Structure formats: structure tokens, C-alpha cells
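Biologist: I would like to go through some of the labels used for this model. For each one, please set the value against the definition and then conclude.

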Amino acid sequence: MAPRAAHELPPLPFPIETFEFHWGKHHRAYVTNMNNQIQGSDLEKLSLEELIHKSWNNGEPTPVFNNAAQTLNHTFFWESLSPNGGGEPSGKLAEAIKKEFGSLDKFKEEFGAAGATQFGSGWAWLVEAGGKLAIRKTPNAVNPIVNGEKPLLTLDVWEHAYYLDFQNRRPDFIKNFWNLVNWDKVRLG
Amino acid sequence: MLSCAASAVRSGPSTLFRGVGLRGMATGQDLKLPALPYDYDALAPVIIPEIMEIHLTKHHQAYVTGFNNALAQLKDAEAKTDPSAIVGLQSALKFNGGGHINHAIFWKSLIPPKAWPAPGREFQPPSGPLEEQIKATWGSLDTFTAKFNAAAAGVQGSGWGWLAYNPETKGLQIATTANQDPLQPTTKLIPLLGVDVWEHAYYLQYKNVRPDYLKEIWKVINWKEAGDRFAAASKV
């Protein structure tokens, strides 16, 4: 395979000032550090997802995993958000949520609990797993794709995601997420 | 001006039921939030008072409250000899108990420069046997600090950096723990100094630049405390 160009920090899908640090510093650092780590090696030829799987190394992650996974996690996170977000899902997604969780409110409760009880840094996820919807919480940089599951929605619960706006009040940050969630970007099946 | 940390003890359900367990049994052994040995603004400009107040009264308090809640549930589960519930409580006990242990050490690992006996000295380095041991292990204090900071900066996610005494080798070492894992219960290493590298410890001031926080914090590190702990640990 021909060597690919260095991974680029993808542009934010919308201009929001609050994210200057989260996107401009944290996300950018993950991209930069990842590129530095893989420079000159065969890893450069891999796509981002391939790199994540490879560096996950069946649960004994190599150093580049942290940066590669966090690169993808943050890109996916921005897509889970929208300044015009909020409201309710519709169509197949709404039905699937109702079927799996009973109601949208129950889903939000469970998703919120996952985010609130992730001890330390990590992420809350809505995933498709074995043909069903499920909620996951992962530590640090772990992305459910390492377990063969398909992320649909995510919320960053690392402290840097909420500390400037909410300080210790992670539950308030989680509540506010529902005003920003981009249901349109959630693609089932 | 003085936001007495003792007032923080009044918040939280653990203090409402102090001395009385959930089932009306006397406990009298709830964890209590300690008071800081200094004012919230005493460590400025290295650590701003806003961080100190939130760190103690919100984060540390949450660990104290969480631990007391988990402990009360544990006592219930023990009374019923319910192994499933007992095992299920372990992570909450470790996380919250560890959070309390770690922060209690942290507040003592820090000291306002003004508290040092020698006026005008911004920084009080280690002395006596601890100083000798640091030199013997790393060559110089500067080398130790550089290695400590590299380790602490490299903690992925949340965790702690430690200067530790290894009771087996009878030597010093730098260690890190993840999340709120307490050093001694999980590794047998004895903590002499701890530095919190959870983002809540520095984010309001240093934002994403953890290395800057680590560079500055040495100006407020309590080497006397570390020396006392070293003396106690190495005597055994």
C-alpha cells in the first residue's frame, strides 16, 4: 500500500467557542502525537480505524492506541453534537430506543447513569451490538469498536469536557448534552 | 476571607446520619472530610483558591460521601452475608475510599511557601536522610523532579504521581496510580508525596497543559512532610 498522508485534524462541524480548548488543544494534540508516533513506520499506511484495532492489540494496547482512539472518539463526539440539536429522535431510531429501553426518558436515564458512574476518565456510548441497541461506558480512550460493536452516539466524560463550564458537576453536563445531541447523525443498521 | 474547610463537613448525608447507620445501628465511624492545613488562597499563584475550594468541598467531599454510602451498604450486605452484594460494592469502596486516602495525603503534601521557617525562601528542598536518599537514587533533586514529572504527565486519563518508599528494597521510587487507586493498599509502596493529576486538580488554571502545573507545583511541595513519612517508613 502506498504511504498515506499524515492524519489531519478534521474541522469542527460547527463553530462553537467553548470547544477551542477541547478541539483546538486536546483533540489536536491527540492527532499530532499520533502522527509523530507512527511517522516512518508501517502504521502510517493504515486507516485510523485499522490503526486503532492494531494498536488495541487484543487488550494490551500499544502506546499509539491512546492517541489514535482519542482522535476517533473526539471526531465522533463532535458529530454527536449540534448547535441545533436536542429534541427527540424519530423513525426507526425512535422505535428501536422505545423497544430496547421502554422510552426515550428511560434511555436518557441509563445513558446518563453510564456517564456519571464511569469512575475517572472515559466515555458513555449508545452502540449497536448483536443487532440490538445497548449502552456502554468505557475508560480513558477505549472505543467500542475494539469489541466489534458499532458506536451510534457518544458523550465525553473526561473532566476536560466539562470542567470550564460545569466544574465538578458532571451530572449537569450530562443533562445539558440532551440539548445538543444530534439525533440526525445516529445511523442505525 | 478564611473559608474554613471545617464548614464543608456540614454538607453531605454522611454527617446527617453521623453515628447512626441506615438501619439505626450505631456506626460512629463514618469518614470525615479533613480540614486543609492552610487557607484556600495560601498556595496562590501556584494553585488558585478557586481550585482549592472546589477540589476540597466538591471532589474530596464526594469521595467521603460516596465511601460512607458504600460502607453503609456493605454493612447491610455483611449482615445478610450476601456475597454478590459485597463483591458488587468493591469498586465503589476502592474508588471512593481511595479518593479520600489520596486527597488526605495530597493536602499534606502541599504547603504555602510562607509557612516555611526561613523567610524569603520560595522553595524548601528536602533535607536530611531523605535528601541523601534522593541524591543516591537519582543523582540530584532536579533529575528526580524531571523523572517524576515525566511519569505524572504520562498518566493516561486520571491518576496520581507518587514519590514512594519501597519497604522491600528499602529504596525510593517514583510510582503512578490510575484513577483513585490508593498506593499502599494496591502496591504495598508507601507514599511519601502525592501529586493529583486528575484534570480537576489543575484545569481551571492550567487548562490542558498538565506539564506546566507539574513544573509549578514543586514550589509548594511539603518536603518536611515527605521527610517525616520517610523516617517513619524506613524505621520499620
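Modeller: Start with Asp228(B), which has a relative accessible area of 40%.

Biologist: Why is Asp228(B) called partly exposed?

Modeller: With a 1.4 Å probe and protein chains only, buried means under 20% relative accessible area, exposed means over 50%, and partly exposed is in between. Asp228(B) has 40%, so the label is partly exposed. Before going on, note that this is a predicted model, in which local features need pLDDT of at least 70 and side-chain atom pairs count only at pLDDT 80 or more, while totals for chains, interfaces and linings use all residues. Residues are numbered from 1 along each chain as its sequence is written, chains are lettered from A and ligands numbered from 1 in the order in which they are written, and side-chain values use heavy atoms, with hydrogens and water left out.

Biologist: What makes Lys224(B) and Asp228(B) a salt bridge?

Modeller: The rule asks for a side-chain nitrogen of Lys or Arg within 4 Å of a carboxyl oxygen of Asp or Glu. The closest N and O atoms of Lys224(B) and Asp228(B) are 3.1 Å apart, and the pair passes. Side chains of opposite charge can pair when their charged atoms come close.

Biologist: How far apart along helix H10 of chain B are Lys224(B) and Asp228(B)?

Modeller: They are four residues apart in H10(B) (residues 223-235), so about one helical turn separates them. A helix here is a DSSP run of H or I with at least four residues, a strand is a run of E with at least two, and both are numbered from the N terminus.

Biologist: Is Lys224(B) buried or exposed?

Modeller: Lys224(B) is at 52% relative accessibility, so it counts as exposed.

Biologist: What is the N to O distance between Lys219(B) and Glu216(B)?

Modeller: It is 2.7 Å, and these side chains meet in a salt bridge. Lys219(B) is partly exposed at 29%, and Glu216(B) is partly exposed at 22%. Over all chains the search finds ten salt bridges.

Biologist: How many of them cross the interface of chain A and chain B?

Modeller: The rule finds zero there. There are seven residue pairs in polar contact between the chains, both residues being at pLDDT 80 or more. A polar contact is a pair of N or O atoms within 3.5 Å; within protein, one must be able to donate a hydrogen and the other to accept it, and residues adjacent in sequence count only if both atoms are side-chain atoms.

Biologist: How many residues of each chain are in contact with the other?

Modeller: 15 residues of chain A are in contact (heavy atoms within 4.5 Å) with 17 residues of chain B.

Biologist: What makes strand E1 of chain B mostly covered?

Modeller: Eight of the eight residues in E1(B) (residues 159-166) are buried. Both faces are covered, with Leu163(B) among the buried residues on one side and Trp160(B) among those on the other.

Biologist: Why do E1(B) and E2(B) count as paired?

Modeller: Two strands pair if DSSP finds at least two bridges between them. Eight bridges join E1(B) to E2(B) (residues 171-178), which run antiparallel. In one of them, Gly159(B) has Ala178(B) as its partner. E1(B) also pairs with E3(B) (residues 190-196) in the antiparallel sense, over six bridges. There, the partner of Trp162(B) is Gly194(B).

Biologist: What is the label for Gly130(A), buried or exposed?

Modeller: Gly130(A) has a relative accessible area of 84%, so it is exposed. This residue lies in the loop between strand E1 (122-129) and strand E2 (132-139) of chain A.
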